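Please read them with the structure open.

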Amino acid sequence: DQFYIGITYNIPTNVPSGVNARGLSGGIHFGYLRDMPLNERRNIALAVGLGMTLDQYGQNLFIGETEDEETIFTILTNEINFDQNRFSTAAVEVPLEFRWRSSTATTYQFWRIYAGVRAGYTYWYRSYFQQPGNAVSQTDIPEFNQFRMRATLSFGYGSINFFASYSLQPFFDNAVTTDGQNIGL
């Protein structure tokens, strides 16, 4: 069994041309996994658990809405002066991992490789834009896909691990920028 906590640096991919990272794009994830050994040596196992993830993406893609409450996705150019533009999410997730480790009953320093998937539901999200004299907070984005599925890989030795995650579906369904580019993120 294992409690986990991690700090991540988020790198958005599949973004429209002209969208760039700006400021902090990071996250924190934590939770609990129940380890179920599959062999007598107990170095191969399946693990299932429950966790949370909080992510933030700083970038130059403005998300707002028209007076008719239709979502607007606009790429902010250098001519637009703004202080902050972030997309933030909070999700509950269920990790499932296949685990291999070089441990024995008496060693606590060992190699490990864990590969799996994390299914999740984003229960809170917000796009926040701020410029001098103006702030826009958008929490109702119909194009946002609240269900998440990510492939994960964790490897390390002892108490130091490296973690990578890749979203298997885009954040937004049928979303297009004001200049006609598809948004996946």
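With which residue does Arg-99 form a salt bridge in which the closest N and O atoms are 2.9 Å apart?

1. The partner is Glu-97, at 2.9 Å between the closest N and O atoms. A salt bridge here is a side-chain nitrogen of Lys or Arg within 4 Å of a carboxyl oxygen of Asp or Glu. Both Arg-99 and Glu-97 are buried, where buried means under 20% relative accessible area, exposed means over 50%, and partly exposed lies in between (1.4 Å probe, protein chains only).

2. Some ground rules. This is a predicted model, in which local features need pLDDT of at least 70 and side-chain atom pairs count only at pLDDT 80 or more, while totals for chains, interfaces and linings use all residues. Residues are numbered from 1 along each chain as its sequence is written, and side-chain values use heavy atoms, with hydrogens and water left out.

3. The chain has zero helices and twelve strands. Helices (H or I, at least four residues) and strands (E, at least two) are DSSP runs, numbered from the N terminus. The C-alpha atoms fill a box of roughly 65 × 25 × 25 Å along the principal axes. Of the 185 residues, 41% are buried. Among contacts (heavy atoms within 4.5 Å) with a separation of 6 or more, 64% are between residues 24 or more positions apart.

4. Arg-99 also meets Asp-35 in a salt bridge, at 3.1 Å from N to O. This pair links distant parts of the chain, with Arg-99 in strand 6 (residues 84-101) and Asp-35 in strand 2 (residues 26-37), 64 residues apart. Arg-99 is counted as buried because its relative accessible area is 2%; Asp-35 is also counted as buried, because its value is 11%. Asp-35, Glu-97, Arg-99 and Arg-101 are linked in a network of salt bridges.

5. The salt bridges number five by this rule. One of them joins the side chains of Arg-118 and Glu-93, at 3.2 Å from N to O. Here too distant parts of the chain are linked: Arg-118 is in strand 7 (residues 111-131) and Glu-93 in strand 6, 25 residues apart. Arg-118 and Glu-93 are both buried.

6. Glu-65, Glu-67, Asp-68, Glu-69, Glu-70 and Asp-140 form a negative surface patch. Patches are made of residues with over 30% relative accessible area and no salt bridge; like charges are joined within 9 Å, and nonpolar side chains (Val, Leu, Ile, Met, Phe, Trp, Tyr) within 5 Å. Asp-140 lies in the loop between strand 8 (134-138) and strand 9 (147-157), and is counted as exposed because its relative accessible area is 52%.

7. Glu-69, another member of the patch, is in the loop between strand 4 (61-65) and strand 5 (71-75). Its relative accessibility is 59%, so Glu-69 counts as exposed. Please check its backbone: phi is near 65°, a positive value in a residue other than glycine.

8. Leu-185 likewise has a positive phi, about 55°, although it is not a glycine. Leu-185 is in the segment after strand 12 (182-183). Is Leu-185 buried or exposed? Leu-185 is buried, because its relative accessible area is 17%.

9. Ser-154 lies in strand 9 and counts as buried because its relative accessibility is 11%. Leaving out residues up to four places away in sequence, Ser-154 touches Arg-112, Ile-113, Tyr-114, Asn-161, Phe-162 and Phe-163.

Note on methods: Areas by Shrake-Rupley, 256 points an atom, 1.4 Å probe, with all protein chains shown as cover. Lys, Arg positive; Asp, Glu negative; His and termini not counted. Charge placed at Lys NZ, Arg CZ, Asp CG, Glu CD.
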